[in-house]
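These are my notebook entries on one structure. I set down what I looked up, in the order in which I looked.

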Amino acid sequence: METEGPGILFTIVAFIGGFSVLVFIHEWGHFIVARMFGVKVDTFSIGMGKEVFGRTDKNGTRWKFSVLPLGGYVKFFGDASAASNPGDIPDHLTPEEKKGCFHFKPLWQRSLIVFAGPAINLLAAALVFAGFLYQSGIAISEPVIAEVVAGSSAEQAGLQADDRIISVNGEEVARFRDIGSIVRLYPAAKLPIVIERSGERQALMVELGVAYMEDRFGNRYPFGQLGVRSSQPTVHELGPVDALGEGVRQTVSMADTMFTTLGQIVLGIRSVKELGGPVRIANMVGEAANISFASFIFFLAVLSLNLGIVNLLPIPVLDGGHLMFYGMEALKGSPLSKKAQEASFVAGMALMLIFMVFVTLNDLQSMAL
């Protein structure tokens, strides 16, 4: 059953609302850990630019909504800007003021404060996945082939019904769905597959086929295809603890898939056209919200996972860039020079701006086709 596509206004409202929630979660991670370590927080902003409205709490933190709804930040006491540049160590603070200043906290505390933003995005994704699994249970099939599709890569490689797949491309397989998760990442690639047949293990080399998924704008995304089917899965109900464990497992699996895909794009194995920008993401959020509230929440969880992973990339201006500098500080015994850090942040900002322009043009081009 097809649903009518969401209108532009609905899509904009859904995207801004959903993305603002994710930004709040991310910045709240920084905020709550900073407060645990006694850091004074001057500003907690949802959005960028000029303030629209806000209030100041009893601790002196200004909570506000700003005019540009994409993004947000937490500004700590002593920061020269919202970027919390590690080179911006303030001068002329009293000993009492230094106690509440982020830049005078021990290295391990600064690292945890920075890491808390991406970490809570990953945790939020795992909790949402766990909630869905607790409600609906999980369908599990053993990694045993019930049927080999005629003419498929599996048939050509000699796979047979009743073969148990032990590993694919060196990754152990516990469930049938794990096979698809691995195979999808390697269209047209040759992968080693270890099977168990009649109690004996065999190693086979399989050249995967290629299939394509197409979005509503005509963009085609390749994925690997093996050509095997499982038996009827068994639905298992999960308690709270098991659901949480499975939610974490799915989060780790998705993160691994994302890193693999990014690596393939960097190496040229996949097209850069697969990268989506704000326009494409907004459309996907609108479509998810148009289907149901549950679909909207699930997609926000996937976006939260992506936001957490992207922020851990070692690029200056991102949290991962700050952590990279802290790692260098730990090895060196002292921070990098202010000049070196400022140059890195300028380069990182330029890189991010170029990337944003590129993916936005990518989106607009795909919509025009």
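Is F76 buried or exposed? I found F76 buried, with a relative accessible area of 5%. I count a residue as buried under 20% relative accessible area, as exposed over 50%, and as partly exposed in between, with a 1.4 Å probe and protein chains only.

**Basis of the entries.** I am reading a predicted model, in which local features need pLDDT of at least 70 and side-chain atom pairs count only at pLDDT 80 or more, while totals for chains, interfaces and linings use all residues. Residues are numbered from 1 along each chain as its sequence is written, and side-chain values use heavy atoms, with hydrogens and water left out.

**Whole chain.** I noted ten helices and twelve strands in the protein chain. Helices (H or I, at least four residues) and strands (E, at least two) are DSSP runs, numbered from the N terminus. The C-alpha trace spans about 75 × 50 × 45 Å along its principal axes. Of the 369 residues, 43% are buried. The chain exposes about 19800 Å², and carbon and sulfur atoms supply 63% of that area; accessible areas come from the Shrake-Rupley method with a 1.4 Å probe, and for residues only the protein chains shown count as cover. I then looked up contacts, meaning heavy atoms within 4.5 Å. Among those between residues at least 6 apart in sequence, 62% join residues at least 24 apart.

F76 is found in strand β2. I looked up its C-alpha distance to E171, 95 residues away along the chain, and recorded 43 Å. A nonpolar surface patch of about 570 Å² is formed by M48, V52, F53, F65, V67 and L68. The elements that give two or more residues to this patch are β1 (41-56) and β2 (62-76). Patches are made of residues with over 30% relative accessible area and no salt bridge, like charges being joined within 9 Å and nonpolar side chains (Val, Leu, Ile, Met, Phe, Trp, Tyr) within 5 Å. L68 has its place in strand β2.

**Four-stranded sheet.** I traced an open sheet in the order β6-β5-β7-β8, with antiparallel pairing. Its edge strands are β6 (171-172) and β8 (200-207), each of which pairs on one side only. Two strands pair if DSSP finds at least two bridges between them. β7 (residues 190-197) and β8 pair over eight bridges, and E196 stands opposite R201 in β8. Four bridges join β5 to β7, where I195 is the bridge partner of I165. Two bridges join β5 to β6, with S167 opposite E172. In the hairpin of β5 and β6, which has two residues between the strands, N169 takes a positive phi near 55°.

**Nonpolar cores.** Where do the nonpolar residues gather, and which have the most contacts in the largest core? The largest core has 22 residues, and those with the most contacts inside it are L159, I165, V168, I179 and L226. The elements that give two or more residues to it are α4 (153-157), β5 (164-168), α5 (176-183), β7 and β8, and α5 gives the most, with four residues. A nonpolar core is a set of buried Ala, Val, Leu, Ile, Met, Phe, Trp, Tyr and Cys residues joined through side-chain atoms within 4.5 Å. I165 touches P143, I145, V173, I179, I193, V194, I195 and L226, not counting residues up to four places away in sequence. Four of the five residues of β5 are buried. A second, separate core of 16 residues includes V33, F76, A116 and Y326.

**Salt bridges.** My search of the whole structure gave twelve salt bridges, each a side-chain nitrogen of Lys or Arg within 4 Å of a carboxyl oxygen of Asp or Glu. K75 and D42 meet in one of them (3.6 Å, N to O). K75 lies in strand β2 and D42 in strand β1, so the pair ties together parts that are 33 residues apart in sequence. Both K75 and D42 are buried.

E329 and R110 form another, with the closest N and O atoms 3.0 Å apart. This pair links helix α9 (residues 319-332) to helix α3 (residues 107-136), across 219 residues. Both E329 and R110 are buried.

R249 forms a salt bridge with D178, at 3.1 Å between the closest N and O atoms. R249 is in helix α6 (residues 240-266) and D178 in helix α5, 71 residues apart. R249 is partly exposed, at 33% relative accessible area, whereas D178 is buried, at 13%. Salt bridges with shared partners join R175, D178, E246 and R249 into one network.
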